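Subject: Structure handover and notes

Dear colleague,

I am passing the structure below on to you, together with some notes on what turned up in it. Please look through the sequence and the coordinates before you read on.

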Amino acid sequence: MSDSSLLELNIMIFWKGFPSLPVHYDVSVFYVQSCGGAGNPMGDILDDFVNQRFGFESYERMKHVFDVPKNEGAMSMFNDTTKGRFIFLIDSRACLPSIKLSSVDVIIIYCSDWNPTNDLRVLQRISIESQSECVPIFRLYSSCTLEEKALILAKHDHILDSNGQ
């Protein structure tokens, strides 16, 4: 199964379960780990999925730190509650202290770093305001994969070696 179809399957399963969670979340931030090289294929796939599922006026995306005017526009559109943007996609490379997001209900991490604490460190760089005391963080991953094994080992403070063992 290709990465793109696996991602779409994971997200569809997540969105089906999303409304049945004990609490309904209105505003979500999807954080995607930048996977080196040119572009971020996982971020692009997630962008396409959200666009097809909810439409282009339902979300904003911040890809790079270099496009400051576009990033500021995306941030202001998301923070303006009258615009109806309820999803904010942000790549790890775009997480800077100048990023300030308001009314965030949940953070969802996809395509984790091999060291999951790095994801949280990067997210700590941005300012997130919420109506609640605590913002829940969900981590999407595929079961029976190296990614799952890395997350399980990290949870138990073990390190994954180069052979995946």
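This is a predicted model: local features need pLDDT of at least 70, side-chain atom pairs count only at pLDDT 80 or more; totals for chains, interfaces and linings use all residues.

Charged pairs

The structure holds 6 salt bridges, and I describe some of them here. Asp-44 forms a salt bridge with Arg-61, with 2.9 Å between the closest N and O atoms; since Asp-44 belongs to helix H2 and Arg-61 to strand E2 (residues 59–62), the pair ties together parts that are 17 residues apart in sequence. Arg-61 also forms a salt bridge with Asp-47, where the closest N and O atoms are 3.4 Å apart, and because Asp-47 lies in helix H2 while Arg-61 lies in strand E2, this pair ties together parts that are 14 residues apart in sequence. As for accessibility, Asp-44 is partly exposed at 32%, whereas Asp-47 and Arg-61 are both buried, the relative accessible area of Arg-61 being 10%.

A further salt bridge joins the side chains of Asp-91 and Arg-93, at 4.0 Å from N to O. Through shared partners, salt bridges link Asp-44, Asp-47, Arg-61, Asp-91 and Arg-93 into one network.

Aromatic pairs

There are 2 aromatic pairs in the structure. Phe-54 and Phe-86 meet edge-to-face, with 5.3 Å from centre to centre and 85 degrees between the planes; because Phe-54 lies in helix H2 (residues 41–54) and Phe-86 in the loop between helix H3 (68–79) and strand E3 (87–91), the pair ties together parts that are 32 residues apart in sequence. Phe-54 is partly exposed at 29%, and Phe-86 is partly exposed at 27%. Phe-78 and Phe-88 form a tilted pair, with 5.0 Å from centre to centre and 55 degrees between the planes, and it connects helix H3 with strand E3, parts that are 10 residues apart in sequence. Phe-78 is buried, at 3% relative accessible area, and Phe-88 is buried as well, at 0%.

Helix H5 and the cysteines

In helix H5 (residues 146–155), the buried residues include Glu-147, Glu-148 and Leu-151, and the buried residues of H5 pack against helix H4 (116–123) and strand E7 (137–140). Just after H5, Asp-157 takes a positive phi of about 60 degrees.

The count of disulfides comes to 0. Cys-95 is buried at 1% relative accessibility, whereas Cys-134 is exposed at 59%.

Methods. Residues are numbered from 1 along each chain as its sequence is written. Side-chain values use heavy atoms; hydrogens and water are left out. A disulfide is a pair of cysteine sulfur atoms within 2.5 Å. Buried means under 20% relative accessible area, exposed over 50%, partly exposed in between (1.4 Å probe, protein chains only). Helices (H or I, at least four residues) and strands (E, at least two) are DSSP runs, numbered from the N terminus. Contact means heavy atoms within 4.5 Å. Rings of Phe, Tyr and Trp (its six-membered ring) pair if their centres lie within 6.5 Å; planes under 30 degrees apart count as stacked, over 60 as edge-to-face and the rest as tilted.
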